[in-house]
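Please look over the sequence and the structure first, then read the notes below.

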Amino acid sequence: MATLKNKLTVYFDDPFWVGVFERTENGKLSVAKVIFGTEPKDYEVQEYINRNYFRLKFSPTVDTVVKEGKRNPKRLQRDAKKMVLEKGIGTKSQQALKLQQEQNKLERKTKSRELKEAEELRLFELKQQKKKEKHRGH
């Protein structure tokens, strides 16, 4: 049986409000980070989730332990308050975000390298063409 659990943590990371979407599926955690800018209202967060959730770019998965079972609503409330006071996100989420940053960095490097090589090739061919034109003129 596949288990899927989603969690959103919104916190203030000076100077912006940040949202971290955590998706746990079959013991694998992946996260996506969103910068809201100004403090989002509840309805704005809900609207963002409805419009953009499936467009979010989640990080590569990280193994995690999934705790099962029902929890007392008062316990959940205390845990939520505790998390707000601690500010931030869990270490597993941070690892997943770090993985995503590394992946994005590699993608950017690859893309810029390809662009640079294409530009060098274009310039080389342009020089070759000018040489040919110069020899034809003599």
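Asp79 and Arg75 both sit in helix 2 (residues 73-86), four residues apart, or about one turn of the helix. Helices here are DSSP runs of H or I with at least four residues, strands are runs of E with at least two, and both are numbered from the N terminus. The model is a predicted one, in which local features need pLDDT of at least 70 and side-chain atom pairs count only at pLDDT 80 or more, while totals for chains, interfaces and linings use all residues. Residues are numbered from 1 along each chain as its sequence is written, and side-chain values use heavy atoms, with hydrogens and water left out.

**Overall layout**

- The chain has three helices and four strands.
- Along the sequence, these elements follow the pattern β-β-β-α-β-α-α.
- Of the 138 residues of the chain, 21% count as buried. Buried means under 20% relative accessible area, exposed means over 50%, and partly exposed is in between (1.4 Å probe, protein chains only).

**Salt bridges**

- Side chains of opposite charge can pair when their charged atoms come close.
- A search of the whole structure finds four salt bridges. A salt bridge is a side-chain nitrogen of Lys or Arg within 4 Å of a carboxyl oxygen of Asp or Glu.
- One of them joins Asp79 to Arg75, with the closest N and O atoms 3.8 Å apart. Arg75 is partly exposed, because its relative accessibility is 37%.
- Another joins Arg51 to Glu47, and here the closest N and O atoms are 3.5 Å apart. Both residues belong to helix 1 (residues 42-52) and are four residues apart, about one turn of the helix.
- Arg51 has 58% relative accessibility and so counts as exposed, whereas Glu47, with a relative accessible area of 39%, is partly exposed.
- Glu107 and Lys57 also form a salt bridge, with the closest N and O atoms 3.3 Å apart. This pair links distant parts of the chain, 50 residues apart: Glu107 is in helix 3, and Lys57 is in the loop between helix 1 and strand 4 (62-63).
- Glu107 counts as partly exposed at 40% relative accessibility, and Lys57 is partly exposed with a relative accessible area of 47%.

**Nonpolar cores**

- The largest nonpolar core has eight residues: Tyr11, Val18, Val20, Leu29, Val31, Val62, Ala96 and Leu97. Strand 2 (16-25), strand 3 (28-37) and helix 3 each supply at least two residues of this core.
- Apart from that core lies another, of seven residues, among them Phe21, Phe36, Leu56 and Phe58.
- A nonpolar core is a set of buried Ala, Val, Leu, Ile, Met, Phe, Trp, Tyr and Cys residues joined through side-chain atoms within 4.5 Å.
- Leu29 is placed in strand 3. Its relative accessibility is 4%, so Leu29 counts as buried.
- Leu29 and Ala96 are 67 residues apart in sequence, and their C-alpha atoms are 7.5 Å apart in space.

- Lys98, Lys105, Arg108, Lys109 and Arg113 gather in a patch of positive charge on the surface.
- Patches are made of residues with over 30% relative accessible area and no salt bridge; like charges are joined within 9 Å, and nonpolar side chains (Val, Leu, Ile, Met, Phe, Trp, Tyr) within 5 Å.
- Lys and Arg count as positive and Asp and Glu as negative, while His and the chain ends are not counted. The place of a charge is taken as NZ of Lys, CZ of Arg, CG of Asp or CD of Glu.
- Lys109 has its place in helix 3 (residues 91-137) and is partly exposed, with a relative accessible area of 48%.
- Gln103 lies in helix 3 as well, and is partly exposed with a relative accessible area of 35%.
- Gln103 and Ser59 are 44 residues apart in sequence and 8.4 Å apart in space, C-alpha to C-alpha.

**The loop between strand 2 and strand 3**

- Asn26 lies in the loop between strand 2 and strand 3.
- Although Asn26 is not a glycine, it has a positive phi of about 50 degrees.
- Asn26 is partly exposed, with a relative accessible area of 47%.

Terms used:
Accessible areas come from the Shrake-Rupley method with a 1.4 Å probe; for residues, only the protein chains shown count as cover.
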